[in-house]
Amino acid sequence: PHPVGFGTHWGRTWFGLDHPLPIASPGRSRIALSEEVDDNFLFTKKQSYPPLSSYIPAASTPALLRYRSPEEKKDDDDDDVMRLQEMFDRQTLAAAFSPTPTKPMPPDSTQKIAQIVESEKRRMQQEHLEIERGLKSLIEELDRQAAQVRKEEAEADALRKQEEEAAALKQKQLEEQEILKKKQKEKELQDKEQKRQNDQKRKEEAAAAKTEYVAKAKKLVKQLVAVRESIEPFDQNKAVSKRRLGMKKIVRGKINTLSENAGKIRQVAEEVSHAITTARSEDEHIKQALERKEAGYTPDMARGKRYLVDLLASNAIQRIQAEGFNGPRGDGFPLANMLAMVSVENKELVPILAAHIYTVCPTAIPTLAAPKKDATEDEFMESLGMLKGKDGEFETFDRFLTRTENIVTFVANVMTSSPSSHVLLGGHEGAVKWLDRFLDLLPDPPAAPLPLLTAPVLHGFLTAAGHMLANNHSENFRKHVQKISELLPRLDDGPIGKPSSIRLEKLMDGGFEKFQSK
């Protein structure tokens, strides 16, 4: 039988949408068209049949919808549905215009077919909606993923940028640190160099300060030469001979009356001070007369005060260098005390007396001789401060040592004299500085023997100034005593230096307390 239900006679062929009745005759084809029928049942048959046109007169249009030629099979469901719709439309038109009477289809077959088609449309629409929703969801997911990727890429870029910036910043900091380290190193080098220069400068200044007083002393000696040249015309001018005679009487006569009596010392000091004041007043009167251009006056006549001060200083130096003068015994103290009192009101005496002392005794500055290596014997003796007699011969070493000790003792007497405010030869403070300076001049241990002048100079100075230093400058003097005690073994104990060394050792035997209670 034909798969669409065609029999040998149209009247015997059954076609229905429901299950076939049990009384249906055998051999008839029964196909129930229901919703459970497979949509593709028309396309599952593999057997070929005669062309559909040979059955048209006996087949209804719905029956034709169940047949499909093998050549028309397609894979796409949408095309099958459309073809069925087209065939349905054509058969409907053919039936309407066909003159051949046909048997009408069951009443609800067309509705069922339309429902199937509509169901397929709804299914397809639903699939399209689901596909659209799926596609939309997919697009949204892809957009979300793309956004997430872009976000991650942006975050990665930002992180990479931060890392790059951090690396650049770190590199910059490293470079800045290197630059800073370089600058610090340069600054350290500069500071080190500056410190070295400052230290060198301080050392030079300290060395200069240590020897500055020597330069000043030598300058005073040179100035004294100029002063004595300036007063030479006054010394030779007969017009002022009476003034000169009066000055000499004061200097030589009054000084000869000095004694250890404090009242006598004060009296002589007052008389000498009055003489200097008178000479200053007379010089001023002569200067005014010269300004008025009065006759009988010359400029050299106005140098009386300068002459008197120089006369006083030179006379004092002559006395302390005399053969019978004994400084350590105290011969120079009254003279030193009187001069200290005079210097308080007459400052002119300060540089003049110092210059006279330094001229005849460089050791009193203090300083030690530093003769040249190729110096002759005469040059060596001159560097020591040895003097020549009237016969042109240098004094003996014994005489030189005694004279030096007497002058140094006199210097110490002046420094320690009253009043304590005086500044002649540096005053009381000058005594501390003088001892510091002299000890600094001595070679450091273990150099031995020490210079020949060491023992007589220290003995004379400590004899005159030791008591004052022990009581007024005890802290510094205690150090001095310790240092002097340590250098005693290095003293020159030769035939010339031995006597002075013995006297110094005896003086130091009692230590600091001996000087303090003396």
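Over which ring does the charged end of Arg 478 sit? In this predicted model, the charged end of Arg 478 sits over the ring of Phe 512, 4.0 Å from its centre, where a charge counts as sitting over a ring if NZ of Lys or CZ of Arg is within 6 Å of the ring centre and within 35 degrees of the ring normal. There is another such arrangement to show you, in which the charged end of Arg 437 sits over the ring of Tyr 213, 4.2 Å from its centre.

Before I go on, a word on conventions. Residues are numbered from 1 along each chain as its sequence is written, and side-chain values use heavy atoms, with hydrogens and water left out. Because the model is predicted, local features need pLDDT of at least 70 and side-chain atom pairs count only at pLDDT 80 or more, while totals for chains, interfaces and linings use all residues.

Let me stay with Phe 512 and turn to the rings. Phe 512 pairs with Phe 477, with 6.1 Å from centre to centre and 50° between the planes, which makes the pair tilted; rings of Phe, Tyr and Trp (its six-membered ring) pair if their centres lie within 6.5 Å, and planes under 30 degrees apart count as stacked, over 60 as edge-to-face and the rest as tilted. Phe 477 lies in helix H13 and Phe 512 in helix H15 (residues 511-517), so this pair ties together parts that are 35 residues apart in sequence; helices here are DSSP runs of H or I, at least four residues long, numbered from the N terminus. Phe 477 is buried at 1% relative accessibility, and Phe 512 is buried at 4%, where buried means under 20% relative accessible area, exposed over 50% and partly exposed in between, with a 1.4 Å probe and protein chains only.

By the ring rule the count comes to five aromatic pairs. One of them joins Trp 434 and Phe 461, whose centres are 4.4 Å apart and whose planes stand at 10°, so this pair is stacked. Trp 434 lies in helix H11 and Phe 461 in helix H12, so the pair ties together parts that are 27 residues apart in sequence. Trp 434 is buried, with a relative accessible area of 3%, and Phe 461 is buried as well, at 0%. Ring pairs also bring in Phe 438, which forms a cluster with Trp 434 and Phe 461.

Now to the backbone. The loop between helix H11 (427-441) and helix H12 (454-472) contains Pro 446, and a cis peptide bond with omega of about 5° joins Pro 445 to Pro 446.

Leu 425 lies in the loop between helix H10 (397-415) and H11, and Leu 425 is buried, with a relative accessible area of 11%. Lys 293, likewise not a glycine, has a positive phi of about 60°; Lys 293 lies in the loop between helix H5 (262-291) and helix H6 (304-320) and is exposed, with a relative accessible area of 75%.

How values were computed: Helix = DSSP H or I, 4+ residues; strand = E, 2+ residues; numbered from the N terminus.
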